[in-house]
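Welcome, and please have a look at the sequence and the model below.

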Amino acid sequence: MGDFNKIANLCKSRGFIFPGSEIYDGLANTWDYGPVGVELKNNIKRAWWKKFVQEAPASYGVDADIFMNSKVWDASGHTASFSDPKMDCKSCKTRHRADNLIEVHAKGSVNPDLMSNEEMEQYIAEHKVCCPKCGRCDWTNIRNFNLMFSTSRGVTEEGQNLIYLRPETAQGEFVNFLNVQRSMRAKVPFGIAQIGKAFRNEVTPGNFTFRTIEFEQMEHQWFCKAENSLEDYEVYKKKAWDFLLSIGFNSENLRYHDHDKLAHYAKAACDIQYKYPIGWQELNGIHHRGDWDLSRHQEYSGKSMLYLDPYTNEKYIPNVVEYSIGADRLTLAVLCEAYEEETLEGGDTRVVMHFHPAIAPYKVAVLPLQKNLSEKALEVYTKLSKYFMVTYDEAGSIGKRYRRQDEIGTPMCVTIDFDTLENNTVTIRDRDTMEQIRLSVDELVNYVNQKIAY
Ligand code: GAP
């Protein structure tokens with residue numbers, strides 16, 4: 001596993017992730033996915049959708065708008081209490097999250113999530129927690145800042161309405177509960193999944209793409225009967241874990257972390273944490289939310305959220321088990337997990353990204369041994385690119401081309417040589433073992449398909 005600096009450098013040089021608006025000196029904590037990164041992230045999103053929608057017959061996908069009626073955020077509680085406790089350094093005028101300052105200082109000996117603002121202020125004063133920017137200990141009191149980005153909408157200056165960029169995708173699933181249930185003739189228990197952008201005006205301490213102000217979430221709400229909800233919560237804990245293993249995570253780098261503090265309506269909540277180079281951090285959450293979300297929407301919208309059980313004629317508001325994971329935070333974990341600096345026989349080194357073939361940006365690189373073989377190589381490239389993302393490279397020595405592919409994690413390199421012209425066979429080099437086999441061009445599609453199945 002590499003540290004964030006090494007991974008960020010590789011990401012920039014190899015086209016995974018670039019700093020946002022870089023030619024204008026950037027915009028803090030914004031990042032753009034490059035040609036290689038967008039493939040990786042799309043494959044991760046596809047793998048998630050496959051597990052939680054395609055292979056889950058009782059789950060349905062939606063794609064709700066980013067903008068929602070502002071009453072949604074009143075009902076969800078975001079307008080009133082979606083905030084971070086922040087304090088300003090009076091000396092250098094930088095703003096910081098009080099809970100982050102304590103977390104870094106206490107190194108796990110106390111949990112700021114369990115503290116009130118007054119207790120955090122007291123801790124910071126007593127332990128002389130100083131400003132990480134200038135080193136002084138001269139703080140304002142804590143103030144809570146709402147994390148939602150707002151903008152206004154309206155045709156005239158006077159008639160402007162305040163609207164928000166959604167801070168989570170979940171509400172798009174809750175407000176469509178009845179639409180999905182009726183249009184798909186769904187019976188409880190069933191699920192609604194969504195992948196989409198979310199925005200939070202967070203103070204972020206760097207750490208590459210770990211915490212950003214714009215990010216994508218993959219969220220799944222499971223609507224179920226109260227009496228089955230704790231059992232279903234356990235099922236989703238396991239499903240979330242198994243999904244991570246299925247895309248190549250080592251279980252040693254994952255752990256469950258039960259929440260110390262539960263929302264008043266919740267019966268249980270936990271995260272799955274990943275061992276990032278900065279330590280164990282939240283990768284995803286699984287939350288038992290009771291019937292709170294649908295009840296609140298019933299109260300604020302005035303529309304009934306009751307479900308009529310067609311078998312028992314019972315009417316009730318279902319409970320919800322929520323599973324939520326950031327696509328960018330998962331992509332970062334995948335990059336950390338895949339990264340290896342390997343020392344080869346003879347002392348040479350290579351950086352290799354051991355992505356699971358199913359999520360690797362490119363499945364195959366087609367490499368003609370010499371430029372005068374490019375016509376045949378392009379023929380093979382065209383054939384394969386109908387089925388998979390394939391890259392083509394004819395520049396530089398074959399050794400250097402292999403290294404480039406190792407660095408972007410391409411699982412298979414197909415080399416075209418003079419024998420290919422004679423007998424239509426190619427060499428396939430495996431990224432991880434570097435072993436090579438010879439295969440007919442006609443067998444390539446099947447061979448690659450077998451390798452990338454999961
Ligand atoms: N609907 C529940 C919800 O939004 P959350 O714990 O605030 O819960 C869920 O967010 C997941 O979204 C997190 O586990 C993390 O993977 C991702 N996430 C949250 N805030 C993020 C941020 N600022 N940058 C990147 N990912 C973030």
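**Around the ligand**

A backbone N or O atom of leucine 283 lies 2.9 Å from an oxygen atom of the ligand. Taken alone, the ligand exposes 560 Å², and the protein buries 91% of that; accessible areas come from the Shrake-Rupley method with a 1.4 Å probe, and for residues only the protein chains shown count as cover. Please keep in mind that this is a predicted model, in which local features need pLDDT of at least 70, side-chain atom pairs count only at pLDDT 80 or more, and totals for chains, interfaces and linings use all residues. Residues are numbered from 1 along each chain as its sequence is written, and side-chain values use heavy atoms, with hydrogens and water left out.

**More on the ligand shell**

- The shell around the ligand holds 19 residues, of which Glu168, Arg200, Glu202, Glu219 and Glu282 come nearest (a residue is near a molecule or strand if one of its heavy atoms lies within 4 Å of it).
- The side chain of glutamate 219 has an N or O atom 2.6 Å from a nitrogen atom of the ligand.
- For glutamate 282, a side-chain N or O atom is 2.5 Å from an oxygen atom of the ligand.
- By residue class, the shell divides into five nonpolar, six polar and eight charged (Ala, Val, Leu, Ile, Met, Phe, Trp, Tyr, Cys and Pro count as nonpolar, Asp, Glu, Lys and Arg as charged, and the others, Gly among them, as polar).
- Strand S10 (214-224), strand S13 (279-288) and strand S16 (319-326) each supply at least two residues of this shell.

**The seven-stranded sheet**

- An open sheet of seven strands runs in the order S3-S9-S10-S16-S13-S12-S11, with mixed pairing (two strands pair if DSSP finds at least two bridges between them).
- Strand S3 (59-61) and strand S11 (254-258) stand at the edges with a single partner strand each, so one side of each has no neighbour in the sheet.
- From one strand to the next, the twist averages 25° (axes are lines fitted to C-alpha atoms, for helices over the stretch in contact, and angles run from 0 to 180 degrees between N-to-C directions).
- Ten bridges join strand S9 (residues 190-199) to S10 in the antiparallel sense, and phenylalanine 190 has phenylalanine 223 of S10 as its bridge partner.

**Glutamine 221 in S10**

- Glutamine 221 belongs to strand S10 and counts as buried because its relative accessibility is 0% (buried means under 20% relative accessible area, exposed over 50%, partly exposed in between, with a 1.4 Å probe and protein chains only).
- The glutamine 221 side chain makes a polar contact with the side chain of glutamate 173 (3.3 Å) and another with the side chain of glutamate 322 (3.0 Å).
- A polar contact is a pair of N or O atoms within 3.5 Å; within protein, one must be able to donate a hydrogen and the other to accept it, and residues adjacent in sequence count only if both atoms are side-chain atoms.

- Strand S22 (residues 425-430) is mostly covered, with five of its six residues buried.
- Strand S21 (residues 412-416) runs antiparallel to S22 and is joined to S22 by four bridges; cysteine 413 stands opposite arginine 429 in S22.
- S22 also pairs with strand S23 (residues 436-440), in the antiparallel sense over five bridges, and threonine 425 has serine 440 of S23 as its bridge partner.
- S22 and S23 form a hairpin with five residues between them, and methionine 434 in the turn has a positive phi of about 65°.

**The chain as a whole**

- The protein chain has 15 helices and 23 strands (helices, H or I with at least four residues, and strands, E with at least two, are DSSP runs numbered from the N terminus).
- Of its 454 residues, 52% count as buried.
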